[in-house]
Amino acid sequence: MTASPRLYVSAGEPSGDAHAAPVIAALRRRIPGLQVEAFGGPALESAGATVLDRMEKMSVVGFVEALSTIPAHRRLAARTRESLAAGRYRAVMLVDYPGYHLRFAPQVTALKVPVLYYIAPQLWAWAPGRIKRLRGNVHQLAVILPFEERFFRERGVPTTFVGHPLKDRPPLPTREAARRMLGLDSRRPVLGVFPGSRRQEVAHMWTRFRDAALEVRKALPDAQLIVAGTDRALYPEPRD
């Protein structure tokens, strides 16, 4: 009897967790018996993955905060290498999160396990010299922006453009429909406040964003304020 295939997915932040989840849901429909284990969060869990390590503990903002997670990331990599060396996984899927994955991918490849890197780090914008960390260390790079395919291929990385994940989501409502859904007055201006999606990011930025928005409303008393929030963070003293 052939054992069911097992895939390991690594998605260390909310956006990666959200983008990886539909991929895993589709793979589980197409590959009967596929087992998925992950470093991720609630979206991957809802898609049927068993989350072994929670991304919420690792996802941080800022240099000092990032330094504090280095020991935990090293322990995570060590545990995962042990499982890979034991033959637990047929393949590994890495999702964005370059600070960890550009170091982890060579470790996986050294164990002769295929690596799919989904959503390439934007090395073309901030660190083209780091492409050497991908070259020879990923079996396939799946990119979401059309020009990235040629960019990475020309630099020796097997790459396929797979489309942007937002295209697979339901169409956004019109401005008028969105205002109705949110209970906003269509005749008054709206200021959107976006303090981030990570718990630490919101903790760091929220009071600044809140106070700046309230200053705007002092100048524009008719303005309606709306915050893009997450249930993973706290928003003290909204001062509506």
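Author: Here is a walk through the sheet, with a few words on its surroundings.

Before we start, this is a predicted model, where local features need pLDDT of at least 70 and side-chain atom pairs count only at pLDDT 80 or more, while totals for chains, interfaces and linings use all residues. Residues are numbered from 1 along each chain as its sequence is written, and side-chain values use heavy atoms, with hydrogens and water left out.

First, the setting. The chain has nine helices and nine strands; these are DSSP runs numbered from the N terminus, with helices being H or I of at least four residues and strands being E of at least two. Picture a box of roughly 65 × 40 × 40 Å along the principal axes, and the C-alpha atoms of the chain fill it. Of the 240 residues, 37% count as buried, where buried means under 20% relative accessible area, exposed means over 50%, and partly exposed is in between (1.4 Å probe, protein chains only). A contact here means heavy atoms within 4.5 Å. Among the contacts with a separation of 6 or more, 54% come from residues 24 or more positions apart.

Seven strands form an open sheet in the order 3-2-1-4-5-6-7, and the pairing is parallel. At the edges stand strand 3 (50-54) and strand 7 (159-161), each with a single partner strand, so one side of each has no neighbour in the sheet. From one strand to the next, the twist averages 20°. To count as a pair, two strands need at least two bridges between them as found by DSSP. As for what holds such things together, strands of a sheet pair through backbone hydrogen bonds, either parallel or antiparallel.

Let's begin with strand 2. Strand 1 (residues 6-10) runs parallel to strand 2 (residues 35-40), and five bridges join them. Is E37 buried or exposed? With a relative accessible area of 9%, E37 is buried. Leaving out residues up to four places away in sequence, E37 touches R6, L7, Y8, V9, T50, L52, R88 and Y89.

Next comes strand 4 (91-95). Strand 1 is joined to strand 4 by four bridges, and the two run parallel. Here V9 has M93 of strand 4 as its bridge partner. Strand 4 is largely enclosed by the rest of the structure, because four of its five residues are buried. Strand 4 also pairs with strand 5 in the parallel sense, over four bridges, and L94 stands opposite Y117 in strand 5.

Carry on from strand 5 (115-118). Strand 5 and strand 6 (residues 140-143) pair in the parallel sense over three bridges, with L116 opposite Q140 in strand 6. Another three bridges join strand 6 to strand 7, which run parallel. In that pair, V143 has F161 in strand 7 as its bridge partner.

Helix 5 (residues 98-110) lies across strand 1, strand 2, strand 4 and strand 5, running at about 165° to strand 5. That angle is taken between N-to-C directions, on a scale from 0 to 180 degrees, using axes that are lines fitted to C-alpha atoms, for helices over the stretch in contact.

Finally, peek at two loops. D96 is in the loop between strand 4 and helix 5. The phi of D96 is near 50°, a positive value in a residue other than glycine. Over in the loop between strand 5 and helix 6 (123-126) you'll find I119. I119 has a positive phi as well, near 70°, and is likewise a residue other than glycine. At 7% relative accessibility, I119 counts as buried.
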